[in-house]
Amino acid sequence: MVILFIFLRLVWGSAWGEVKGRAAEELLEEWTDDDESGGKKTDNLIKLYVFADKYDVPRLKLDTLLELFMHITTDDVGLPSSSQCRYAFENLPEGSPLLHFLLDAHCFYASDKYWHLQEAEDFPPAFINGILIRYTAYASGDRTRSVGFDICDYHDHKEYKDRNRCEWAAGVCY
Ligand SMILES: [Zn+2]
């Protein structure tokens with residue numbers, strides 16, 4: 001009910017810009033309570049991102065992606081599961097920043113042991129294809145693991161210098 005109320009404020013708020021930004025923060029907080037392993041928070045953030053994409057709430061998408069980025073890269077919670085990846089790939093358009101992040105995170109953190117424990121058929125074909133494309137780039141030397149992550153890789157900045165002014169980056173770079 002709280003989420004519905006906040007969403008209605010998002011859609012029909014009178015002071016559109018102010019309400020939209022504040023409501024996005026409140027909605028994010030509602031969805032980021034966590035269990036011990038961090039899996040619930042990962043699950044909720046992916047679903048919240050899909051929700052924000054479906055209802056076209058850009059601010060909420062940016063906030064959610066940053067929260068997921070920090071959760072995965074700093075909280076030592078492990079990678080999103082195959083079912084979480086499947087949900088994202090089945091509900092987001094091709095080229096979505098969240099899909100890029102899921103692929104990059106797997107290529108960066110997954111070991112051969114991790115992949116031995118996975119069943120390839122549990123992942124969507126587009127995910128497997130994306131992983132192969134990235135690993136091919138690693139193998140050919142076009143991409144290196146040492147480069148790591150930059151949250152701005154998942155923003156639509158027109159020019160590189162715009163990253164310096166990005167309010168969602170705030171020095172976040174791994
Ligand atoms: Zn940025």
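**Notebook: helices and a nonpolar core**

I started just after helix H8, where Gly 141 takes a positive phi of about 85°. A reminder to myself: this is a predicted model.

Next I checked the length of H8 itself, residues 125–140. At 1.5 Å a residue, its 16 residues should span 22 Å, and I found the end C-alpha atoms 23 Å apart, so the two agree.

Then I turned to the core. Which residues of the largest nonpolar core touch the most other members? I got Tyr 49, Leu 65, Phe 69, Ala 88 and Leu 98, out of 27 residues in that core. I also looked up where the core comes from: H2 (16–30), H3 (39–54), H4 (58–74), H5 (82–91) and H6 (97–109) each supply at least two residues. H4 gives the most, with seven residues.

Leaving aside residues up to four places away in sequence, Leu 65 touches Tyr 49, Pro 97, Leu 98, Phe 101 and Tyr 154.

Last, a helix pair. How do the axes of H3 and H5 cross? They come within 10 Å and cross at roughly 0°. Angles under 35 degrees count as roughly parallel, so H3 is roughly parallel to H5. On the H3 side I listed Thr 42, Asp 43, Ile 46 and Val 50 in the contact, and on the H5 side Gln 84, Tyr 87, Ala 88 and Asn 91. Sorting the residues of this contact, I noted four nonpolar, three polar and one charged.

Conventions. Residues numbered from 1 in each chain as written. Predicted model: local features only at pLDDT ≥ 70, side-chain atom pairs only at ≥ 80, totals over all residues. Core = buried A, V, L, I, M, F, W, Y, C linked by C-beta atoms within 7 Å. Buried ≥ 20, exposed ≤ 12 C-beta atoms within 10 Å, placed from the backbone. Helix = DSSP H or I, 4+ residues; strand = E, 2+ residues; numbered from the N terminus. Contact = placed C-beta atoms within 7 Å. Axes fitted to C-alpha atoms, helices over the stretch in contact; angles between N-to-C directions. Parallel < 35°, antiparallel > 145°, perpendicular 65-115°, else oblique. Nonpolar A, V, L, I, M, F, W, Y, C, P; charged D, E, K, R; others polar. Expected span 1.5 Å × (residues − 1).
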